[in-house]
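I am opening a notebook on this structure and will write down what I looked up, entry by entry.

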Amino acid sequence: LNCIGVIHFHTSRTHAGKAMELYLQSLAISRAILGNDHKDVATTLNNIGRIHYMKGEYDDAMVRYEEALSVRRMLLGSDHIDVGASLCNLGQTYHQRGDLDKAMELYQEFLCLVRARLGKHHRDVAAMLKSIAQIHHERGEYGKAIEHYTEALHAGQASLGENHPEVASILNKLGNLHCEQGNLDAALKAYEKGLEVERAVLEEDHPNISVTLTNIAHIYRHQGRHQSALSIFNQTLTIQYRSLGASHPKVAVTLGHMGQVYYHVENYEQALDAYQEALRIQRDMYGDDNLDVAVTLNSIGQVLYKQGLSELSLQSFMESLRIRELLAGKHHRENATILHNIATIHLDRGDDDEAMKFYMKALKVEQAALGCDHADVVTTLHHIGQVFHQRGELVASLEYFQEALRIERRIFGKDSVNVAQSLNQMGNIYLQRGDAAKVMETFSEATRIYRRMGHTDEKISIAGFGFYNFSLMHPECAAVA
């Protein structure tokens, strides 16, 4: 019964229920005849645990794996390879539950066991070193993660050969880690080597190849190699069309990436084509009210804005906002980006009141989602201050710039370039108001910060008016005026 269950388990995920039924029957018979402490009982317990693990039932999996481990330790001794299998399974379960310390403890025990029994260049050693590296990676211990991924790579290459899917997997993990650290050259090298291995051992349309191609394309995009990125994305798209069909959600994701690159190089016509095809796929798959649809509508709005089609752009932004507020709530941080886009269109049209309304909404969303002391809040306060400035409401403008300055000093430091820029803007407003003392105070402080950072005095931007009259009113400022 246990063996038939194993066949069902490996045939298809849809057979998991039948496999479990057979395992449970096998367990009941084995316990009745052999007792609880028998190696066959432990094997069946381990198999039951695997089904629970596959279904995401980690607590149930843990109970079965621990039972199996206890029996195997008692019967076989702590250095038996079957004990190692239970340690590995249990470690993976703790890992999935997020208990990294316990998972690491079990992984380390398994690693010591298999190195002693199988040698340092065995596939199980490579797999366990990769798992240990993943925990270091998740903890942000990048040095240790790289060390263990590299060890895993050497063990994998020694035991499996240069061209093996597991070797490609380790190379891609290394690429991901380097990418997170901003070491794009090292990431690219790892991804390209992984791609070479995948193309040697996998079918040409295998999904792993399209994932690696996408990773490479993203690096090219970040490096400013836009044509190379588009070329790689096109290769990804070709694989996805052949393996998944033209209307698969992953095709929409790739089209979205291509749209971003086209937008960045100001090829707005191609960007719009890519985004609209992505939108068609997403709406066919998910309907109108979907967050992916909302993201693509926002991207389309940005392209239309660049093309000077402000009314169509506004419609796209408003529909994106409607969907996001419906599905994610009114105070989701991403809503603020769309609100900014809508405000920008109204500002371009000269409709300051509507622009201000949407900037104020964005500010409330950001304060609710991010807290009051956040860089995005500062940006919105600047926008509001600039609108008041344009309207000639200088007191209100100063209030918002002062609030932005207070936050900037707290989050960036009192001598940051952000603080200097805000002081500079405030100085120009004081200049318009004819407040000589405040002009001198803010410009002097901004100049001091710029000088401390190695900038010349030309970094200060003075954009007031009526300097001659100002110098007559305030002789002490005549030289500056």
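I looked up the buried residues of helix α20 and found Leu394, Ala396, Ser397, Leu398, Tyr400, Phe401, Ala404, Leu405, Ile407 and Glu408, where buried means under 20% relative accessible area, exposed over 50% and partly exposed in between, with a 1.4 Å probe and protein chains only. I note that this is a predicted model, in which local features need pLDDT of at least 70 and side-chain atom pairs count only at pLDDT 80 or more, while totals for chains, interfaces and linings use all residues. Residues are numbered from 1 along each chain as its sequence is written, and side-chain values use heavy atoms, with hydrogens and water left out.

Helices here are DSSP runs (H or I, at least four residues), numbered from the N terminus. For α20, residues 394-411, I found 18 residues and a reach of 26 Å from first C-alpha to last, close to the 26 Å expected at 1.5 Å a residue, the expected span being 1.5 Å times one less than the number of residues. The cover over its buried residues includes α18 (352-370), α19 (375-390) and α21 (417-433), with contact meaning heavy atoms within 4.5 Å. Just after α20, Gly413 takes a positive phi of about 100°.

Next I turned to Ser320, which lies in helix α16 (residues 310-328) and counts as buried because its relative accessibility is 1%. Leaving aside residues up to four places away in sequence, Ser320 touches Ala294, Leu297, Asn298 and Ile338.

Last I checked Arg280 in helix α14 (residues 268-286), which counts as partly exposed because its relative accessibility is 32%. With residues up to four places away in sequence not counted, Arg280 touches Ala246 and Ser247.

Key: Helices (H or I, at least four residues) and strands (E, at least two) are DSSP runs, numbered from the N terminus.
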